[in-house]
Amino acid sequence: MRITRKKVIAIISSTALVSSLFLGASTASAAPKDSGTVTVWIQGDAKSWPAAVDRANKMFNSKYPNVKVDIQYQTWGDSLKKLDAALVAGNTPDVFEFGNTQVLKYSAAGALKDLSSSKSQFAYSTNWLKGLEEAGSYNGKLYAVPYYAGSRAVMYRTDLFASLKMKAPRTYEQFTAAADKLMAANSSNSKFSAVYMPGKYWYAAMGFVYDSKGAIAVQEAGKWKGSLDSAASIEGLTRWKNIVDKYSKADKSGDEGGQWEVFAGGNVAMSYSNGWETCCIAPQKGAFFPMPSIRAGEYMPAFLGGSNLGVPAKAKNPEWGVYWIKSFTSGQAMREIVKVGNLPNNTSMLTLVKGGNAQVAKGASSTWFVPAAEKWVNVENANVLQTMLSDIATGKKTVAQAAKDASAEITKLLN
Amino acid sequence: MGFPVYWMVTTSFKNRQDVLSTEPTILPRSFTIENYQNAFSREGFYTSLRNSLIVVLITVAISLFLATFASVAIARTKFTGKRSFISALLIVQMLPLSALIIPLFLLLTRLQLTNTIGGLALTYVAFILPFTIWTLRGFLANIPTDIEEAALVDGCTRVQAYRHVLLPLMAPGLVATAIFAFIQAWNEFLLAYIIMQSQENLTLPVWLAGFTTRTGTDWGPLMAASTVTAIPVVIFFSLIQKRIATGVTAGAVKG
Amino acid sequence: MSSATKFRLGPKKNLWPYLLITPALAVILLILGFPVFRLITLSFQQFGLAEIVSGIPTWVGFENFQALLKDPEFWTVLRRTFIFTFAMVAASIVIGAWLAHLMLRMNPILRWLLNTTLILVWAIPALVGISIWKWMFSFEFSIITSTINRLGFDFAQRNWFTNTFSGFSIIGGVVVWGAIPFITISIYAALTQVPKELLEAAAIDGANSRQIFRSVILPILLPIYVILISLSIIWDFQVFTQIWVLLDNRPASEYYTMAIYAFEKSFGLSEYGMGAAIALLMIFSLLGVTWFYIKKMVQIGDGNA
């Protein structure tokens, strides 16, 4: 039989066809192989703590030396869209960073792997910050590991306080007294704010509400009910409105984005700020004190912003994903994240926060978080809180009326 | 009109304090190149610049090539289905990208075109073709058929007639559509962000988005980076813009 | 067989046109064919996170459409979007055309300067350009406010967007600003195709500039105007980023246009079935409005063979 080219091709292709059947039959399941790539999607913010990423990779590679770590930095705006596309196409990363207000929806839908059984593996998991742990859990199960947090405290002008011989306030009365003094001392400056409080700053306003023991929404018999119209909430809102009216020249219909820029401009004595805002207020000199509660000795609850890390349920390498998260939230890596000014994901390390942020960390022992409702994101999207607050700040509605309308809206949206 | 451009360029040279001043002045008060140093030293600048250039040039080349053929068909020939083809072209323009992005990504995944420069360029071409075909058709329609018929009578083959007679006359149209294709692809963000997966494959707009983090935007360096991003477009434009100025009939009718 | 008829053989025998359009058609069909089909099927489904996870869509028939058409907000937003779109399109086309004609008469140096400025404006990354405008109108840092103050007027810091008319004017202005380069350069390119001799002849015959425009320029420029207007309508109708950025990612409901509405009601919630339904309704609305232009274009396109 002559070996013609055609025959050779036929033999090769049929061999390939047959073997591909067998190769295809081998499992593509989650049985860990020895080599490959673990895909990590975290936000570009992590470029500010490269030492943490390095440590995580080293720790990961010491257990999995032949697995390459592919870190892809995302941007906040459209990262969820990208995740959705990946989920639909069946090509998901092994680790994904969620903002803590974003993750609940995905946990509830079953998009993330249940990490409850691995919880004890993660460093400091018994002491995780409540705000982050709640955000990453659903129905008692853990779906996304706390990553890092940011909190808020009052950033104040040390020079202005010194010139009026004032120390950082420790009670609510001292706080308002200081503000009064500052306004009096600067009455000739029409742009001066003793306390810079934009009208749509809901992270701040809700702190007042929770401090008065009010709440955004509560669960009653399995259903959510907006509770901003409760007496306690209204008291908190009224106190907040007082601050806006008496001490602030900020935009009554604006939000707090870029408020450090105004602080840097020199016409602000105190602002309710994130810990990292001290980076950018030059030439002003600022320091922090935790916002006092109306109850002596306590701090006003601060909103814990932050991120959680999850493993998509259909990830190709979930075991690697979990281990990478463990590496990235290990004590060593977390230390690097804290060094740069963030809050760690646990209370034990709060004392490690140095410098200006130490005061912010102090206040982080008292926090509030949004209602753990699956449909919370609808409330955020509809801007219910912002609209209510700017209506109050501009005087368009009374506190009682605005709160009543907002509560009704929230009840509708959450159920 | 050009004030924002002026503002972008002057801000890119301002020191940090001036960038954030609450008393902005029209004339800049400081001058520094630290923003540029900051921008260039960021990871990924050179790779994303390279990627953007490659994607864009491929996109422009392919779309111009395909559009030229298609526009000749519409402008110079009759064929059944012509009306439907034209209508389809116009309706394609109406598709909102955000609605299509998920099925599009799914398709590209199946075709194994995700995270490839070719895949991204091909996608851009599909979106750009309708406008480019239509515009070239318009330019062609304004060129009287006598010209190419004269060339054919003179002994040219059809292909030669196109290359030596039609193409030069279409030049202004080719330039306008080339610029359109260039800029559409150069500044496109969403598709580039979703389709490209690895860090080495980022394009400039995605790289630029990295200047904004949870803590806000790094304005000075962003302005510097954006100024640099705008330069290749201007270069591209100046290289080909001479063609726009030439009138159509100047050389054509003479023969 | 004369060369003229070579192109005009009956469609049955002549494959030439089909060969010419096949490559372009192939690319368009390949990339957009499946997505469009999927978009249509999505609009009849509920396709949120639950369905994405399970991989199984939930068929809901016309429910998405019913919910939308019954929602009064949908109609308010639709109407508002149309009015806003027409204002922007009118402004863009008028200013763009005016600039293009101006360029024709300019001396080469000025023309080069204007051209370069237009290209730079066109080339600025959208987010950067919009952010600069946002800055110029921000509460504390507005250079407009500070300039007015410097000129002697006492202009307090203000939020330019509390009043929706002022807000939409600014947003519209930013959109038009971004749209003008494309329109001007396209019209200018088309204008250069108008044979000088015809213009001169008409002038000699005593026609004034308006008559020249109507009888000489317009016929040649008609296709370009038609597509610029249709494209502007289509693009301006879908404006999203400008509103989103200028209003701090949190536009109030008075500022909702169709694209924002679509995001808030669907894409922002990962509800892609509803999003597809909204997209289809948007396309139908656009078809309705641009119908005249599309018919004209098909006529023009068809009539040239």
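A salt bridge is a side-chain nitrogen of Lys or Arg within 4 Å of a carboxyl oxygen of Asp or Glu. By this rule, the count between chain C and chain A in this predicted model is zero salt bridges. The interface of these two chains does, however, hold five residue pairs in polar contact, with both residues at pLDDT 80 or more.

## The interface of chain C and chain A

On the side of chain C that touches chain A, the greatest contribution comes from helix α3 (residues 49-54) of chain C, which gives four residues. This side of chain C consists of 11 nonpolar, five polar and four charged residues.

In total, contact joins 20 residues of chain C to 26 residues of chain A. The area buried between chain C and chain A is about 2,000 Å², and carbon and sulfur atoms account for 50% of it. Of the area that chain C buries against chain A, 29% is supplied by Leu49(C), Val53(C) and Arg250(C), more than by any other three residues.

## The interface of chain B and chain C

The size of an interface is often given as the accessible area lost when the parts come together. For chain B and chain C, the buried area is about 8,500 Å², with 78% given by carbon and sulfur atoms. The contact draws on 97 residues from chain B and 84 residues from chain C.

Several helices of chain B each supply at least two residues of the side that touches chain C, among them α1 (3-12), α4 (45-76), α9 (158-186) and α12 (219-240). The most is given by α7(B), with 15 residues. By residue class, the side of chain B that touches chain C divides into 67 nonpolar, 21 polar and nine charged residues.

Within chain A, Gly236(A) lies in helix α9 (residues 231-247). Its relative accessible area is 0%, and since buried means under 20%, Gly236(A) is therefore classed as buried.

Apart from its neighbours within four places in sequence, Gly236(A) is in contact with Phe208(A), Val209(A) and Ser212(A). The C-alpha atom of Gly236(A) is separated by 9.7 Å from that of Ala215(A), and these two residues are 21 residues apart along the chain.

Note on methods
Residues are numbered from 1 along each chain as its sequence is written. Chains are lettered from A and ligands numbered from 1 in the order in which they are written. This is a predicted model: local features need pLDDT of at least 70, side-chain atom pairs count only at pLDDT 80 or more; totals for chains, interfaces and linings use all residues. Side-chain values use heavy atoms; hydrogens and water are left out. Contact means heavy atoms within 4.5 Å. Buried area is the accessible area (1.4 Å probe) that two parts lose on being put together, summed over both. Ala, Val, Leu, Ile, Met, Phe, Trp, Tyr, Cys and Pro count as nonpolar, Asp, Glu, Lys and Arg as charged, and the others, Gly among them, as polar. Buried means under 20% relative accessible area, exposed over 50%, partly exposed in between (1.4 Å probe, protein chains only). A polar contact is a pair of N or O atoms within 3.5 Å; within protein, one must be able to donate a hydrogen and the other to accept it, and residues adjacent in sequence count only if both atoms are side-chain atoms.
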